[in-house]
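Okay, thanks for coming, everyone. Let me put the model up and then talk you through it.

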Amino acid sequence: MRINPKKCVACGNCTYVCPMGAIYIDPLLQRATINRDECVECYACYNGLSKEVLPPATVRFVRRTLANFRVRFEPEPDVCPTTAFEPDKLEWPRVVRRAFSDPRVPHESTGVSGRGTEEVKTNDVTDRVGIGEVGFTIELGRPGIGARFRDFQEMSRALAAVGVSFEKNNPITTLMTNVETGDIREDILNEKVMSAIIEIKVPVERCEEIIRIVWDVEKRIPTQVVMGVGVRCDEDGEEKIVLPILEKLGYDPQRAKTNIGLGRKVIRDLTNAAPVEAFKELENA
Amino acid sequence: MTNTLHRYGKAETFVDDYIVFSLPAKSKMAGQTGDALAAQKRFMTIASQYHPVSLGDALHGGALRPTKSNSIFGHWGKRNKPNLRKVLAGMSKAGTMAAVFDKRENAEAFVKRIKEEELGISVNISSSIENAKNACKVAGIPRHSIAYSLGFEHVGDNTPGKQAIMLSTMCGHGMVSINLAQKMMSFVRENRRSPREAAEAMSRFCSCGIFNTTRAKRILEDVRIGVK
Ligand code: SF4
Ligand code: SF4
């Protein structure tokens, strides 16, 4: 990402908007500037800020004048008043930053393959995680910290060392040079991303072991780890196997994603279905 | 990235926060057949009848989106309001489609209705474990699978910055920065913006449309008067 210095009026809005805190107003240049090493190419600035077209030279003049009266130029906080952001053409390896950080990026365009599994979100159709199994999503980088691939490698190596196998279709797995050792491509180890997920599936008996490994690695890496622990419920919709393990380890889970089991192999044919109307007053809901 | 699971906060802070989303099983191995987009359009249209806070199409966005003005007068113009109709009209490809509810009765009634529709598309509830359990009970369905969120559940009640993290993590993709959340908290405290304006400003960054402005407003009201 870059900021066009001819357009920027140094209003400072974008310095708050960047999830990585990578934008600052350079005191010498008097323009917003991006610390490229910290920027993860998430495009929150470019996609998220609303765009206005105030004339930069006039705005700078007005700002200077108003400042003499201690009056501040204050555009709406989610706006770049001069549309100053301009995406760079990203080359390898920098392009991996965007692949893992911009939720809207078309994955194919980045050279990083794999999208990850749908975890247990479609388990009612895929049966990916069966009774007696646990699907882990081990995510590094939240909230708003970011992580480098060398941090992921620390985690993947530790997991590989105990013989865990990684999900084939997961983008981090596809960036490994050796899935037996958990080694990740050397040329991307310093690349930083917003967050990314290592995905594994293990028998329930290994649940505690895996969590302890994650705890151990987390102490050594300069970011945080959150986990999704995916399990199949029993016939009554209860889950009495993994929760006690988590509680024994000191967790007190509050939040979850619950698959309610409505997925089928064949989606309903709606050709002759009675139409449904959208609610009338949809705006300003 | 998983966008709805890891919202920061204790179970009680999700009292007005239910994300009900649908998605097709995309892998070939899954062998799912049929018109997923048509089913998802029906899912979202029905959701619109249950007073959602937002509808979100992960590909195109939610009810509040960033704007672009071509005239300098845009700077002084009114900000856009949430527009659910635009979300419904814009769905062009099956993917993750979400409805966000702030009232238990609406979320539960929607889940019950969607069960009766038998669309065959996978549906998940992202909320507190109890909220989802209750919704399943009302609909008379056993839960199929569950993914616990671990890592954010040890929320110290007085952790400084806790509310900024609660606001920021409502976009699981990290598009709502913690610094922006803090700025909006300050704006509300100084009465430079209303909680609604501040919540809507943050919501425009959430490109999947799952940011819950009702929960955000409630958190910002607390921030204003110093409730931790
Ligand atoms: S929001 Fe735009 S004008 Fe303001 S500092 Fe950032 S780039 Fe410059
Ligand atoms: S692309 Fe993302 S990380 Fe980079 S400057 Fe913009 S908001 Fe910050």
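I'll go through the domains and their interface, then a ligand site, then some backbone details.

First, the housekeeping. This is a predicted model, so to speak with caveats: local features need pLDDT of at least 70, side-chain atom pairs count only at pLDDT 80 or more, and totals for chains, interfaces and linings use all residues. Residues are numbered from 1 along each chain as its sequence is written, chains are lettered from A and ligands numbered from 1 in the order in which they are written, and side-chain values use heavy atoms, with hydrogens and water left out.

Okay, domains. Chain A is split into domain 1 (2-86) and domain 2 (109-248), with bounds that come from an automatic or database domain assignment. Taken over C-alpha atoms, the centres of these two domains of chain A are 37 Å apart.

So what does the interface look like? Six residues of domain 1 of chain A are in contact with eight residues of domain 2 of chain A, contact being heavy atoms within 4.5 Å. About 550 Å² is buried between the two domains of chain A, and carbon and sulfur atoms give 53% of that. Buried area here is the accessible area (1.4 Å probe) that two parts lose on being put together, summed over both. On the domain 1 side of chain A, Met20(A), Asp37(A) and Val40(A) supply 68% of the area buried against domain 2, more than any other three residues.

How many salt bridges cross the interface of domain 1 of chain A and domain 2 of chain A? The rule finds three, taking a side-chain nitrogen of Lys or Arg within 4 Å of a carboxyl oxygen of Asp or Glu. Asp37(A) pairs with Arg148(A) in a salt bridge, with 3.3 Å between the closest N and O atoms.

Now ligand 2. The residues around ligand 2, meaning those with a heavy atom within 4 Å, include Cys18(A), Cys39(A), Cys42(A) and Cys45(A).

Last, the backbone. A cis peptide bond joins Trp92(A) and Pro93(A), with omega about 5°. There's also a cis bond from Arg142(A) to Pro143(A), omega near -15°. And Gln30(A), a residue other than glycine, has a positive phi, near 60°.

That's my tour; questions welcome.
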